[in-house]
Amino acid sequence: MTTPIQKIETNNNDIYIKRDDLFPYSFGGNKARKGMLFFKDAKNKNSDCLVTYGSSSSNHVRVISNKCCEMNIPCYIISPKESSKNTFNLKMYKLFGAKIINTPIEKVSETIDKTISKLGNNGYNPYFIQGGGHGNIGTQAYLDCYNEILKYEDDNKINFDYIFHASGTGTTQAGLVCGSIKNKDDKKIIGISIARKNPRGRNVVVNSVLDYLNEQNIEFDNDLIEDKVNFTDEYILSGYGNYDKSIIETIKYSMRNYGIPMDTTYVGKAFCGMNKYIEDNKIRNKKILFIHTGGTPLFFDDLEVIDE
């Protein structure tokens with residue numbers, strides 16, 4: 001399922017956005033793109049119920065619980081009590097009939113194991129997806145996305161110099177990097193961290209790249225991977241979910257001028273970070289692609305602060 005790319009402005013650079021928020025399932029986003037591949041794998045393994053992890057704000061959980069509802073199979077969500085709040089995504093989990101198991105964050109791993117074991121003992125064949133759709137299947141989804149970008153370039157006689165995106169659990173960036181390596185392409189891929197600091201954040205991406213390339217028996221050079229993984233933690237503020245006035249103003253500008261919704265946790269934060277990165281690094285006269293990784297329901301959660 002290919003998503004559109006639109007040019008939004010020309011200033012010092014030509015800026016384009018790949019609208020993965022328009023991926024045609026459950027409000028779209030990178031989690032929907034990944035989720036479709038996970039369900040294909042679950043079907044191949046004859047799984048008849050699903051277990052995953054995520055907070056009440058999780059776009060990943062929204063997509064997974066929606067697909068389980070469509071397929072009429074049980075969906076179990078292990079969710080940390082510490083990040084439980086009333087969100088539009090949470091309302092949708094309930095709409096889709098997901099079984100939400102709230103637990104202290106330090107007991108998440110134990111609760112996942114117990115839930116999977118109990119389901120197996122009750123005759124189910126459970127399928128587990130890591131939080132955020134982490135893993136090689138999630139990486140594959142964004143290698144596929146990279147191929148879409150290359151086709152767009154070929155069709156439109158254009159070449160992007162940079163690709164920016166929000167980097168969270170790591171496989172979106174890992175997939176783009178693997179796509180670059182596999183296609184011997186020289187675009188600079190910049191992951192704008194929305195939470196994790198270096199070196200941990202970057203190491204997760206590097207390890208995801210290595211896991212995928214090894215699984216697929218793709219030859220690689222370690223120095224090339226080191227060069228390809230650009231992960232910046234300069235714009236995370238005080239951590240996950242935190243935002244400032246510049247992020248709010250970025251979201252307002254995007255909606256007013258392009259009709260494109262963004263949120264304070266992921267896309268708005270990353271787009272604002274990209275703009276600052278461009279200025280901080282004096283990038284000029286380049287063609288820049290930003291991947292909108294979705295999260296439209298979070299835009300509505302944020303409306304109260306956006307409207308202040």
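This report covers the salt bridges and the cysteines of a predicted model.

## Salt bridges overall

The model holds 15 salt bridges.

## Asp21 and Arg19

Asp21 pairs with Arg19 in a salt bridge. Their closest N and O atoms are 2.8 Å apart. That is within the 4 Å limit, so the contact counts as a salt bridge.

Are these two residues buried or exposed? Asp21 has a relative accessible area of 6%, so Asp21 is buried. Arg19 is at 8% relative accessibility and is buried too. The cut-off for buried is under 20%.

## Glu110 and Lys114

Glu110 and Lys114 also form a salt bridge through their side chains, at 2.8 Å from N to O. Where do the two residues lie? Both are in helix 4, which spans residues 108-121. They are four residues apart, or about one turn of the helix.

Glu110 is partly exposed, at 39% relative accessibility. Lys114 is exposed, with a relative accessible area of 54%. The line between the two classes falls at 50%, so Glu110 and Lys114 carry separate labels.

Asp185 meets Lys187 in a salt bridge, with N to O at 3.0 Å. Asp185 is buried, and Lys187 is buried as well.

## Cysteines

How many disulfides does a search of the whole structure find? The count is zero. Cys68 is in no disulfide. The nearest cysteine sulfur to that of Cys68 belongs to Cys75, 3.9 Å away. Cys68 is buried, with a relative accessible area of 1%.

Cys69 is partly exposed, at 38% relative accessibility. Cys68, by contrast, is buried.

Methods:
Residues numbered from 1 in each chain as written. Predicted model: local features only at pLDDT ≥ 70, side-chain atom pairs only at ≥ 80, totals over all residues. Heavy atoms only, no water. Buried < 20%, exposed > 50% of the residue type's maximum accessible area, 1.4 Å probe, protein only. Disulfide = S-S within 2.5 Å.
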